[in-house]
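Hi everyone, thanks for making time this morning. Let me put the structure up, and then I'll walk you through a few parts of it.

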Amino acid sequence: MVKVGIIGLGAVGDRLLKQFLGHSETQVYAICDSNAGRLQEVKEQVKNVELYTNYKDLLLNPEIDLVYIAVPPKYHHRIALDAVQAKKHVLCEKPLADSYDEAKEMLEAVENASVTHAINFPLAYNDAVNELKKRVIDKEIGETQRVELTMHFPKWPRAWQQNPWIAGREQGGFVREITPHYLQLILELFGDIKEVQSYIQYPSNENDCETSIIARLMLSNGCPVLINGLSGIGRKEEISFKIYGDKGTVALKNWSQLEGERIEKDSHVINVLENNEHQDLISEMVKAINGDKCRLITFKEGFEIQKVLEKLLQSK
Ligand SMILES: NC(=O)c1ccc[n+]([C@@H]2O[C@H](COP(=O)([O-])OP(=O)(O)OC[C@H]3O[C@@H](n4cnc5c(N)ncnc54)[C@H](O)[C@@H]3O)[C@@H](O)[C@H]2O)c1
């Protein structure tokens, strides 16, 4: 049984708390949130769990094997370094860090400490995404000509996402929140990103996050990636990731809907709505801790993603 300490019990921490509770090989041993009211709420739902308001106290607990870090991005760095120092395995939320230097230091720390390390990228365990990858790798869509990421929001942050940091320039914004998921996919499918040209627009209040990004990335095979992000527009939310090949196209819409077409057949649409969960993050994490073969997105990939993310955020 892997004993888990969760640090940060907001929207995402709560999501993974349920997954850890529902998993036969993990035990939620401790939870930390700096908001004592949040701990009070969880006390009602989860029995036999140690509760802390200071993560350093949680890290002192020798029973805990794995620490899951689900605090806002600017706290990932310090907490991850302290967790590694305490010899815990670490699962961190994305983006890995709040800067290039932080991400580099975090990568060096996990590599030197030889602990299991991973980042929560749910798309890596999503059936629709696996099917998308297969179509690209098996060249069912032919040679890739272009990749396109569209992120359109009537309002950012969304109504269900109100918290003190997500609308701020320091650590929020949809570029930091959404793009890393797709950068992970791009790096996995196509390897290095050679060039990044990015044009970001910010509102006049210097504390507010971006409202627009237009960016062009160049893959090592010479294929461009276009990023088109816009908030505050009169349309419903759309997040779509499209790969155009010379024989067909495949697209992931709103995280889990796969659409594809091929040139020699009638245009058709395929929806993959169910995730069979033959692979899931927590099982893979447990396998890694037990020394078994597993599939994790590690801090190494998180660092590569952070490098591109920082370039995107350094607008021309
Ligand atoms: N993997 C995904 O699909 C996904 C989706 C959304 C957000 N995220 C990431 O998850 C992280 C958390 O996002 P969220 O939406 O849950 O945020 P949130 O603001 O809803 O929750 C953060 C929680 O952390 C607590 N906290 C803050 N600082 C703390 C500290 N120093 N010690 C202990 N607790 C602390 C807050 O009280 C809060 O309860 C962010 O990095 C975000 O980018 C990941």
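Let's begin with rings: those of Phe, Tyr and Trp, taking the six-membered ring for Trp, pair if their centres lie within 6.5 Å, and planes under 30 degrees apart count as stacked, over 60 as edge-to-face and the rest as tilted. With that in mind, ring pairs link Phe153, Trp156 and Phe174 into a cluster.

Before I go on, a word on the source. This is a predicted model, where local features need pLDDT of at least 70 and side-chain atom pairs count only at pLDDT 80 or more, while totals for chains, interfaces and linings use all residues. Residues are numbered from 1 along each chain as its sequence is written, and side-chain values use heavy atoms, with hydrogens and water left out.

Back to the rings. How many aromatic pairs does the rule give? The count is seven. One of them is Trp156 with Phe174, an edge-to-face pair at 6.0 Å centre to centre and 75° between the planes. It links distant parts of the chain, 18 residues apart: Trp156 sits in the loop between β7 (144-153) and α7 (174-190), and Phe174 in helix α7. Helices (H or I, at least four residues) and strands (E, at least two) are DSSP runs here, numbered from the N terminus. Both Trp156 and Phe174 are buried; buried means under 20% relative accessible area, exposed over 50%, and partly exposed in between, with a 1.4 Å probe and protein chains only.

Another pair is Tyr182 with Trp255: the ring centres are 5.4 Å apart and the planes at 35°, so this one is tilted. Here helix α7 supplies Tyr182 and the loop between β12 and β13 supplies Trp255, 73 residues apart. Tyr182 is buried at 0% relative accessibility, whereas Trp255, at 26%, is partly exposed.

Strands β12 (residues 248-253) and β13 (residues 257-262) run antiparallel, joined by six bridges; two strands pair if DSSP finds at least two bridges between them. Ala251 stands opposite Glu259 in β13. Three residues lie between the strands of the hairpin, and Asn254 in the turn has a positive phi of about 45°.

Now let's zoom out to the domains. Domain 1 covers 2-120 + 281-293 and domain 2 covers 127-277, with bounds from an automatic or database domain assignment. Their C-alpha centres lie 27 Å apart. Six residues from domain 1 and seven residues from domain 2 take part in the contact, meaning heavy atoms within 4.5 Å. About 710 Å² is buried between the domains, 53% of it from carbon and sulfur atoms; this is the accessible area (1.4 Å probe) that two parts lose on being put together, summed over both. On the domain 1 side, Lys74, Lys94 and Asp98 lose the most area, together 55% of what that side buries.

How many salt bridges cross this interface? The rule finds three, a salt bridge being a side-chain nitrogen of Lys or Arg within 4 Å of a carboxyl oxygen of Asp or Glu. Glu170 and Lys74 also meet in a salt bridge, at 3.4 Å from N to O.

Overall, the count comes to 23 salt bridges. Among them, Glu63 and Lys3 have their closest N and O atoms 2.7 Å apart. Glu63 lies in the loop between α3 (55-60) and β4 (66-69) and Lys3 in strand β1 (residues 2-7), so the pair ties together parts 60 residues apart in sequence. Thanks, and I'm happy to go back to any of these!
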